[in-house]
Amino acid sequence: MKTTPLLEVRSLSVAYGMRAVLCGVSLTLSTGSVMALIGPNGAGKSSLIRAVSGVLPVRGGQIRVSGTDLVALSPAQRARLLAVVPQARNLPPAFTAWETVLLGRTPHLNWLGQTSPQDDARVRLAMERTDTLALAGRRIGELSGGEQQRVLLARALAQAAPILLLDEPTAHLDLQYQVSLLEMVSSLAQQDGYAVLLALHDLNLAARYANQIALLAGGEIRAAGSPEQVLEAGLLSQAYKIPLQVVANGPGGRPWIGPI
Amino acid sequence: MAVLLLGAAVVLSVAVGSVFIPPLTVLRLLLPADMAPGWEVGDTTTFGVILYQLRLPRTALMALTGSALAGSGAAYQGIFRNPLADPYLIGVASGAGLGAVVAMSVRWPYSTLGMMVIPIAAFIGAILSVMVVYTLARVGRTVPTTNLILAGVAVGSFTTAINSFLMLRGQGELRRALAWLLGGSTQTGWSPFLAALPYIAVGLVALLLMSHALNVLQFGDEQAQQLGLPVERMRLWIVLAASLVSAAAVAFTGVIGFIGLIVPHVVRLTCGHDYRRLLPLSILGGASALLAADVLSRVVMAPQELPIGIITALAGAPFFLWVLRRAKQQAYW
């Protein structure tokens with residue numbers, strides 16, 4: 001077991017113009033673990049994912065992967081360390097699933113942008129792992145939301161980065177697809193050793209699939225730790241500003257949360 | 001397929017004109033003697049002169065221009081993520097036209113070297129107008145379709161107006177620029193082709209090398225950056241290469257619309273959106289399409305020639321609509 005965390009965010013601050021969206025956020029993530037970011041809309045979950053992935057300018061603090069400061073890296077160097085699974089929206093419909101997953105190889109290509117048989121092999125592996133190889137020749141515009149999301153997950157795997165960032169991957173999906181996607185993500189962490197950071201709006205799915213949870217509200221971390229520590233009625237009710245009830249030993253032995 | 005099409009277009013373009021050269025004779029004249037022994041081809045000397053001094057240079061220039069327009073059109077559609085972008089609609093072509101006319105108003109070019117200055121002036125005009133259009137149309141990090149078109153049309157009209165003013169004010173030789181600006185190759189000989197070739201070749205090769213980046217950009221700036229692409233720098237290089245290519249085309253053949261818009265879309269509808277295929281096929285297709293249009297411009301009202309821009313619009317628009325109708329009813333852009 002490694003003692004140093006793979007991903008370390010220290011007092012991170014991010015602002016859109018004058019409006020602060022993250023203030024002094026700190027968290028650590030190690031190999032093989034799944035951390036869920038929860039919190040009400042506008043709490044800063046997506047902003048945190050985007051800031052870590054390098055698309056939002058950082059006002060203060062540090063983001064380190066294995067000790068290296070990400071801010072100093074080029075986009076390609078960063079993309080070899082972190083892979084992002086965005087929400088499946090506004091995708092160019094005419095690209096095939098294969099062509100889409102192949103784009104995950106971008107940070108590994110030379111300046112000529114040529115793909116090699118090794119790249120193809122990586123793509124095939126990623127698509128097998130996410131159960132999307134059968135869709136390879138289909139256009140992404142023809143795929144269901146759940147299939148598109150799995151194709152984007154395959155693209156992130158093709159990037160061969162040790163850290164996966166997922167921004168509300170289950171939004172707009174049917175329950176069956178939410179469950180199957182999160183099953184896949186948690187097996188990627190447990191079996192393949194990925195470090196996973198994902199924003200989730202469903203507290204019960206977070207309770208079931210994450211082994212660490214960070215509760216965000218107003219751009220700050222209100223609580224972080226194991227699901228049992230963070231999913232606590234008082235903390236949640238305060239963050240979501242409605243009375244919530246937590247059943248400590250819900251289905252599957254996990255906490256179960258609902259409004260009173 | 002695309003190569004065969006281009007070959008046929010070349011032979012046709014060389015054969016057809018006020019004097020018809022039989023296709024077999026064309027092949028005989030083009031191929032080395034030992035590859036086509038014993039063909040009865042008749043009077044090769046006259047044909048040879050016409051072929052090498054008139055038809056071939058014109059064919060070469062038209063093929064080069066067509067590939068430049070279609071290649072840069074595909075690239076503009078890619079970086080602006082907008083199906084309507086093409087060198088004309090976004091004002092690049094008229095900007096290039098202005099640059100070229102300003103250069104000609106300083107001194108009318110007589111030599112190949114003098115001609116090579118024109119594309120540079122056109123390039124400066126093109127870059128200036130694409131910068132203005134992009135700045136005007138940009139909202140945050142995106143370029144909405146309507147903004148792009150409005151800014152392109154406004155900048156295009158403005159530069160065209162300055163152009164007309166310059167030409168009406170000008171004496172004698174600058175009036176030649178008017179004929180040039182209406183499209184078609186009015187200059188003869190190999191000079192225009194040789195002057196345009198280096199710019200277009202460099203620009204198209206650069207675009208081909210960036211076709212993977214164009215693919216990545218189709219997923220939006222944010223995803224492109226997360227996939228490891230230096231987005232701003234890549235976009236700048238693509239705009240520079242595409243503008244160089246279209247400026248060089250405009251500098252020698254004037255304003256020929258529609259090729260840069262239609263050809264990439266026809267390729268997309270038939271062969272998919274992967275820029276690693278789309279770009280080379282658009283380049284070949286653009287060359288074939290403009291050659292075909294040039295042949296038509298010579299035969300429709302023979303012996304008089306029509307401006308080629310009329311042909312590209314007259315034939316191109318219905319053909320494009322036909323392809324669009326035939327494509328399956330699915331979200332395509």
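In which order do the strands of the open sheet of 4 strands in chain A run, and with what pairing? The order is β2-β1-β4-β5 of chain A, and the pairing is antiparallel. The legends below take you there and to several other places.

A word before you zoom in: this is a predicted model, in which local features need pLDDT of at least 70 and side-chain atom pairs count only at pLDDT 80 or more, while totals for chains, interfaces and linings use all residues. Residues are numbered from 1 along each chain as its sequence is written, and chains are lettered from A and ligands numbered from 1 in the order in which they are written.

**View 1. The open sheet of 4 strands in chain A.** Strands here are DSSP runs of E with at least two residues, helices are runs of H or I with at least four residues, and both are numbered from the N terminus. Two strands count as paired if DSSP finds at least two bridges between them. At the edges you will find β2 (19-29) and β5 (68-69) of chain A, each pairing on one side only. β5(A) is joined to β4 (residues 60-65) of chain A by 2 bridges, in the antiparallel sense. Look for Arg64(A), which has Asp69(A) of β5(A) opposite. Helix α1 (residues 45-53) of chain A packs on this sheet and touches β1 (7-16), β2 and β4 of chain A. The direction of α1(A) makes about 70 degrees with that of β2(A); such angles run from 0 to 180 degrees between N-to-C directions, and axes are lines fitted to C-alpha atoms, for helices over the stretch in contact. Contact itself means that the C-beta atoms of two residues, placed from the backbone, lie within 7 Å.

**View 2. The open sheet of 6 strands in chain A.** Follow the order β6-β7-β8-β3-β9-β10 of chain A, where the pairing is mixed. β6 (82-85) and β10 of chain A stand at the edges with a single partner strand each, so one side of each has no neighbour in the sheet. From one strand to the next, the twist averages 20 degrees. Within the sheet, β3 (residues 34-38) and β8 (residues 195-199) of chain A pair in the parallel sense over 4 bridges. Leu37(A) has Ala199(A) in β8(A) as its bridge partner. Helix α1(A) turns up again here, lying across β3, β6, β7 (163-167), β8 and β9 of chain A at about 145 degrees to β7(A). Helix α6(A) also packs on the sheet, touching β3, β7 and β8 of chain A, with its direction at about 155 degrees to that of β8(A).

**View 3. The hairpin of β9(A) and β10(A).** Strands β9 (residues 212-217) and β10 (residues 220-225) of chain A pair in the antiparallel sense over 5 bridges. Ala217(A) stands opposite Glu220(A) of β10(A). There are 2 residues between the strands, and Gly218(A) in the turn has a positive phi of about 60 degrees. As you trace the strands, keep in mind that side chains in a regular strand alternate between the two faces of the sheet.

**View 4. Helices α5(A) and α6(A) side by side.** The axes of α5 (residues 145-158) of chain A and α6(A) come within 10 Å and cross at roughly 15 degrees. That angle makes the two helices roughly parallel, a term for angles under 35 degrees, with over 145 counting as roughly antiparallel, 65 to 115 as roughly perpendicular and the rest as oblique. From α5(A), Gly145(A), Gly146(A), Gln149(A), Arg150(A) and Leu153(A) meet Tyr177(A), Leu181(A) and Met184(A) of α6(A). These residues divide into 4 nonpolar, 3 polar and 1 charged. In this count Ala, Val, Leu, Ile, Met, Phe, Trp, Tyr, Cys and Pro are nonpolar, Asp, Glu, Lys and Arg are charged, and the others, Gly among them, are polar.

**View 5. Helices α1(B) and α2(B).** α1 (residues 2-15) and α2 (residues 23-30) of chain B pack at an angle of about 105 degrees, with their axes 9 Å apart. They are therefore roughly perpendicular. Val11(B), Val14(B) and Ala15(B) of α1(B) meet Pro23(B), Val26(B) and Leu27(B) of α2(B). The contact holds 6 nonpolar residues, no polar and no charged.

**View 6. Where chain B meets chain A.** Here 24 residues of chain B are in contact with 24 residues of chain A. On the chain B side, α9 (211-217) and α10 (221-226) are the elements giving two or more residues. The largest share, 5 residues, comes from α9(B).
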